[in-house]
Amino acid sequence: MSAARLHLCAATEISEGGARGFSFGSGADAVDIVLVRTKGALHAYLNACPHQGTPLETFPDRFTDPQTGLLVCSTHGARFRPEDGHCVSGPCKGEALRRLSLAIADGQAIVTLEQDQ
């Protein structure tokens with residue numbers, strides 16, 4: 001199985017409590033990613049709610065609830081902890097966002113995707 005390395009951005013571009021979306025490819029090969037920083041650490045997830053697979057945000061890069069810091073699915077209101085992607089409320093409570101392999105190399109946030117992702 002082959003893997004793709006996707007360079008997202010400079011790690012410093014995501015501030016504490018911030019999140020940003022990235023899209024790669026098109027059609028059946030498209031992949032959407034959300035990168036979020038919480039408690040000083042970056043985390044990457046597929047930008048797809050486990051409830052129905054819809055992207056979390058309606059508007060670009062608006063992923064978090066500013067009051068709680070939780071990631072929010074704008075389709076049905078599910079809320080996810082940014083540190084582990086676990087859903088704490090909403091229709092998919094107890095499920096989780098799909099975590100992606102994230103590395104910081106030369107100051108850049110890089111996600112490695114296996115071919116089946």
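D106 lies in the loop between β8 (101–105) and β9 (108–114). The model described here is predicted. The largest nonpolar core has 16 residues, and a second, separate core has 14 residues. No disulfides are present in the structure.

**Loop residues with positive phi**

- D106, in the loop between β8 and β9, has a positive phi of about 55° although it is not a glycine.
- The relative accessible area of D106 is 83%, over the 50% cut-off, so D106 is classed as exposed.
- K39, in the loop between β3 and β4 (41–46), is likewise a residue other than glycine with a positive phi, here near 50°.
- K39 counts as exposed because its relative accessibility is 70%, where exposed means over 50%.

**The nonpolar cores**

- In soluble globular proteins, nonpolar side chains tend to be buried together.
- Within the largest nonpolar core, the residues that touch the most other members are L8, I33, L35, L100 and V111.
- Strands β1, β3, β4 and β9 each supply at least two residues of this core.
- Beyond its neighbours within four places in sequence, L8 is in contact with F22, F24, I33, L35, A109 and V111.

**Cysteines**

- A disulfide is a covalent bond between the sulfur atoms of two cysteines.
- The structure holds zero disulfides, and C49 is accordingly in none; the nearest cysteine sulfur to that of C49 belongs to C73, 3.8 Å away.
- C73 is in no disulfide either, and its nearest cysteine sulfur is that of C49, at 3.8 Å.
- The C49 sulfur is 3.8 Å from that of C73, whereas a disulfide requires sulfur atoms within 2.5 Å, so the two are not counted as a disulfide.
- C49 is buried, with a relative accessible area of 4%, and C73 is buried at 1% relative accessibility; both values are under the 20% cut-off.

- H7 is placed in strand β1 (residues 3–10).
- The relative accessible area of H7 is 47%, which lies between the cut-offs of 20% and 50%, so H7 is partly exposed.
- Apart from its neighbours within four places in sequence, H7 is in contact with F24, A109 and I110.
- H7 and F22 are 15 residues apart in sequence, and their C-alpha atoms are 9.8 Å apart in space.
- T38 belongs to strand β3 (residues 31–38).
- T38 is buried because its relative accessibility is 13%, under the 20% cut-off.
- Not counting residues up to four places away in sequence, T38 touches E16, H43, P82 and E83.

**The β5-β6-β7 sheet**

- Three strands form an open sheet in the order β5-β6-β7, and their pairing is antiparallel.
- The edge strands of this sheet are β5 (71–72) and β7 (87–89), each of which pairs on one side only.
- β5 pairs with strand β6 (residues 79–80) in the antiparallel sense, over two bridges.
- V72 has R79, in β6, as its bridge partner.

Notes. Residues are numbered from 1 along each chain as its sequence is written. This is a predicted model: local features need pLDDT of at least 70, side-chain atom pairs count only at pLDDT 80 or more; totals for chains, interfaces and linings use all residues. Side-chain values use heavy atoms; hydrogens and water are left out. Helices (H or I, at least four residues) and strands (E, at least two) are DSSP runs, numbered from the N terminus. Buried means under 20% relative accessible area, exposed over 50%, partly exposed in between (1.4 Å probe, protein chains only). Contact means heavy atoms within 4.5 Å. Two strands pair if DSSP finds at least two bridges between them. A nonpolar core is a set of buried Ala, Val, Leu, Ile, Met, Phe, Trp, Tyr and Cys residues joined through side-chain atoms within 4.5 Å.
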